[in-house]
Amino acid sequence: KWSSSSTTPESADRLLGGLLSPDFDEATCLSRYEASRRWKQPSPFPVSPYLVERLRRYEANHRRCGPGTAQYQDAVAQHRSGRRHSAAADDRGECRYVVWLPIQGLGNRMLSLVSTFLYALLTGRVVLVDETPEMEGLFCEPFPGTSWLLPSDFPYKRGFSAESNESYVNMLKNGVVRHDGDGDAAGELPPYVYFHLEQIHLRLQNHTFCDEDHRVLDRFDWMILRSDSYFAVALFLVPAYRAELDMMFPAKGSVFHLLGRYLFHPGNRVWGIVERFYDGYLAAADERLGIQVRIVPQMAVPFEVMYEQIVRCTREHGLLPRVTNTSEPAGVRPSSSSAKVKAVLVVSLKREYYDKLHGVFYTNATAASGGGGGGGEEVVAVYQPSHDGDQHTEARAHNERALAEIYLLSFCDRVVTTAWSTFGYVAHALAGLRPWMLAPLDWDKMRADVACVRPASVEPCLHSPPPLVCRARQDDLDPVARVPFLRHCEDVPAGLKLF
Ligand code: GDP
């Protein structure tokens, strides 16, 4: 195994500034301490000592309450017997849980899982992950000496939706719980609450991020949560959590970058794909440019339109050189050993973008860059790891390739990503890179006026903000006008992102 000259094991901070616990066996999860060698160092965001302390505290609590412990058995027995708790705040169990159920593609899943973990940190809950067959072995265990996998005999895993009676918002509606006073109408609570945070027409439900509702939610020892969204942003809108969040994240725009690096470690099968591809194609290059092209069937941008936009973006921002016309003999220059090699990693379900870009740089020489840019020859080598054609979230091997490609993108020096794509968000946020984001198409003109934009931060976008008026009799508020570290997203105008 050989590594690129720019990142030596010695220079890399393998524990990522204290983010990672040193208490793991390396062989069971090769990526855990190896990924840090591949990311550009140092990270743009230092880790606050307070966050490190909170993570170690979380880990200790997870070991105390996790699967296999007496506490877990007790809590499950309570849950199973349907025994109700009284609504009094001091009747909470010793161990409290949030069960995460997966929905949507991998990018959405990673955004909602980081958000769920942040929620668990803030509320003293233990996160348990329902590892469905298509996710088996995708990620390593993130917490030492315990497991985050929901034991398979856990009874409630399927059939939850906005319509479920167990949903918090429906409990409110049906008078099972009350937001005011000390809890619920009958003086006792159901054994668990379902928290529905799936976007409905790009909104989360009302009463999901209001202080008074979080006080009620807090009384349930068991919460089952389903979300497709990066609702971590919405936690910053709940006054009760702000002081903690301020201490954990002095830089607000670092939440996914830090928690994603903490939580996600590709399993050994995925890491094998990453290492083989990185070492074989990318490591020796002088520079790596990632280009992620996400075409969704519901909004299928035609190939020519998207290709033109990619070329415009990479030209205008000096990401790729022009080529000379080799049909003229003058265009052929002898190659020189001093030429810089730029590896271009194309990541897409479709293969035509790779085909065309590869063809262009294979057939033609690059024009020496003039205009005071430092000049010099450049060899552009274009690669694509896989092209599965369509999304197949139900297939494990497909998800393994997807995760491998997210990590490969995150190891690039610069990345071009597609608007609206959570897959792209995860890659650049893990990297700590502000991407060049291909702007959404103006469908009337069949063109994006501006080819790509630079987002204000490396954070993912919450596409679906919750209403903030809660119970006030007034129009909804725009949180961006009230919270200094929030912006609307460059690609999703109503969306919110940390800055
Ligand atoms: P989003 O739909 O772009 O927001 O991202 P998601 O990750 O939530 O869902 C898209 C899914 O399609 C991914 O998880 C993959 O399963 C698949 N997919 C999309 N783009 C790519 C790609 O470039 N490479 C691979 N291997 N899979 C992809």
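Trainee: Which backbone oxygen does the side chain of Arg312 reach at 2.8 Å?
Mentor: Good place to start, and bear in mind that this is a predicted model. Arg312 sits in helix 11, which spans residues 303-316. Setting aside neighbours within four places in sequence, its contacts are Arg447, Ala448, Asp449, Val450 and Ala451. The backbone oxygen that its side chain reaches at 2.8 Å belongs to Ala448.

Trainee: Is Arg312 buried or exposed?
Mentor: The cut-off for buried is under 20% relative accessible area. Arg312 has a relative accessibility of 11%, so it counts as buried.

Trainee: Now to the ligand: which residue has a side-chain N or O atom 2.5 Å from a ligand oxygen?
Mentor: Gly107, Asn108, His398, Ser421 and Thr422 come nearest among the 18 residues around the ligand. Gly107 uses a backbone N or O atom, 2.7 Å from a ligand oxygen. The side chain of Ser421 also places an N or O atom 2.7 Å from an oxygen of the ligand. At 2.5 Å, the side chain is that of Asn108.

Trainee: How much of the ligand's area does the protein bury?
Mentor: Taken alone, the ligand exposes 560 Å². Of that area, the protein buries 95%.

Trainee: Which element supplies the largest share of the shell around the ligand?
Mentor: Helix 4 (106-123), strand 8 (340-348), helix 13 (396-410) and helix 14 (422-431) each give at least two residues. By class, the shell holds five nonpolar, 10 polar and three charged residues. The largest share, five residues, comes from helix 13.

Conventions: Residues are numbered from 1 along each chain as its sequence is written. This is a predicted model: local features need pLDDT of at least 70, side-chain atom pairs count only at pLDDT 80 or more; totals for chains, interfaces and linings use all residues. Side-chain values use heavy atoms; hydrogens and water are left out. A residue is near a molecule or strand if one of its heavy atoms lies within 4 Å of it. A polar contact is a pair of N or O atoms within 3.5 Å; within protein, one must be able to donate a hydrogen and the other to accept it, and residues adjacent in sequence count only if both atoms are side-chain atoms. Accessible areas come from the Shrake-Rupley method with a 1.4 Å probe; for residues, only the protein chains shown count as cover. Helices (H or I, at least four residues) and strands (E, at least two) are DSSP runs, numbered from the N terminus. Ala, Val, Leu, Ile, Met, Phe, Trp, Tyr, Cys and Pro count as nonpolar, Asp, Glu, Lys and Arg as charged, and the others, Gly among them, as polar. Buried means under 20% relative accessible area, exposed over 50%, partly exposed in between (1.4 Å probe, protein chains only). Contact means heavy atoms within 4.5 Å.
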